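Here is a short briefing to read alongside the model. Please keep the 3D view open while you go through the points.

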Amino acid sequence: MNGLSIGDVARATGLSVHALRYFEREELLLRAIPRTSGGQRVYDPADVEWLLLCNRLRESGMPIATLKTFTGLVRSGPGNESARLKLLEAHEQVVRDRLAELTAHLSIIHDKVATYRAHVTEGTAVGVWAPTPPQ
């Protein structure tokens with residue numbers, strides 16, 4: 001059987017061998033991974049592409065349970081595309097909301113950086129937001 005070993009897939013996806021086995025156990029792959037006569041898993045490039053997508057969804061905060069639902073929908077084939085879309089749209093909104101929150105945080109931090117930069121440049125930084133006022 002030609003294909004990719006679990007080590008090859010781990011290197012290609014950045015997932016550990018342990019994580020790949022977990023994905024298989026939890027049925028987060030689109031197909032059962034075939035094995036050689038010696039019991040070694042044999043992946044193909046489509047498996048790697050799916051795992052890269054799953055990894056991206058996980059890194060963007062998608063819970064395993066939601067990923068499992070999405071995987072089940074894709075695995076079951078045509079006819080449920082609107083359910084897949086709804087799931088992805090909901091996750092997209094969660095990510096957009098997080099981005100908006102992070103952008104607000106970044107704006108505040110940027111303002112503080114600008115304030116400190118000005119004080120440091122002007123030599124007036126001593127005592128800026130000190131726990132106790134300078135004496």
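Helices (H or I, at least four residues) and strands (E, at least two) are DSSP runs, numbered from the N terminus. What you have here is a predicted model, in which local features need pLDDT of at least 70 and side-chain atom pairs count only at pLDDT 80 or more, while totals for chains, interfaces and linings use all residues. Residues are numbered from 1 along each chain as its sequence is written, and side-chain values use heavy atoms, with hydrogens and water left out.

**Overall picture**

- The protein has five helices and zero strands, giving the pattern α-α-α-α-α along the sequence.
- Its radius of gyration is 24 Å, whereas a compact globule of 135 residues would have one near 14 Å; the radius is taken over C-alpha atoms, and the globule rule is 2.2 Å times the number of residues to the power 0.38.
- The C-alpha trace spans about 80 × 35 × 20 Å along its principal axes.
- Contact means heavy atoms within 4.5 Å. Among contacts between residues at least 6 apart in sequence, 47% join residues at least 24 apart.

**Surface and charge**

- The accessible surface comes to about 9,300 Å², and 59% of this belongs to carbon and sulfur atoms. Accessible areas come from the Shrake-Rupley method with a 1.4 Å probe, and for residues only the protein chains shown count as cover.
- Of the 135 residues, 26% count as buried. Buried means under 20% relative accessible area, exposed over 50%, and partly exposed in between (1.4 Å probe, protein chains only).
- The protein has 16 positive and 15 negative charges, and their mean positions are 5 Å apart. Lys and Arg count as positive and Asp and Glu as negative, with His and the chain ends not counted; each charge is placed at NZ of Lys, CZ of Arg, CG of Asp or CD of Glu.

**Aromatic pairs**

- A pair of aromatic rings is described by the distance of the centres and the angle of the planes. Rings of Phe, Tyr and Trp (its six-membered ring) pair if their centres lie within 6.5 Å; planes under 30 degrees apart count as stacked, over 60 as edge-to-face and the rest as tilted.
- By this rule there are two aromatic pairs. One of them joins Tyr 22 and Phe 23 edge-to-face, at 6.5 Å centre to centre and with 75° between the planes.
- Tyr 22 counts as partly exposed because its relative accessibility is 27%, whereas Phe 23, at 6%, counts as buried.
- Trp 50 and Phe 70 have ring centres 5.8 Å apart and planes at 20°, so this pair is stacked. Trp 50 lies in helix α3 (residues 45-59) and Phe 70 in helix α4 (residues 64-75), so the pair ties together parts that are 20 residues apart in sequence.
- Both Trp 50 and Phe 70 are buried.

**A histidine in helix α5**

- His 91 sits in helix α5 (residues 81-122) and counts as buried, because its relative accessibility is 10%.
- Leaving aside residues up to four places away in sequence, His 91 touches Leu 57, Ser 60, Gly 61 and Met 62.

**The loop between α2 and α3**

- Ala 32 belongs to the loop between α2 (17-25) and α3. Ala 32 is exposed because its relative accessible area is 69%.
- Ala 32 and Tyr 43 are eleven residues apart along the chain, and their C-alpha atoms are separated by 9.7 Å.
- Glu 27 is also in the loop between α2 and α3, and its phi is near 60°, a positive value in a residue other than glycine.
- With a relative accessible area of 53%, Glu 27 is exposed.
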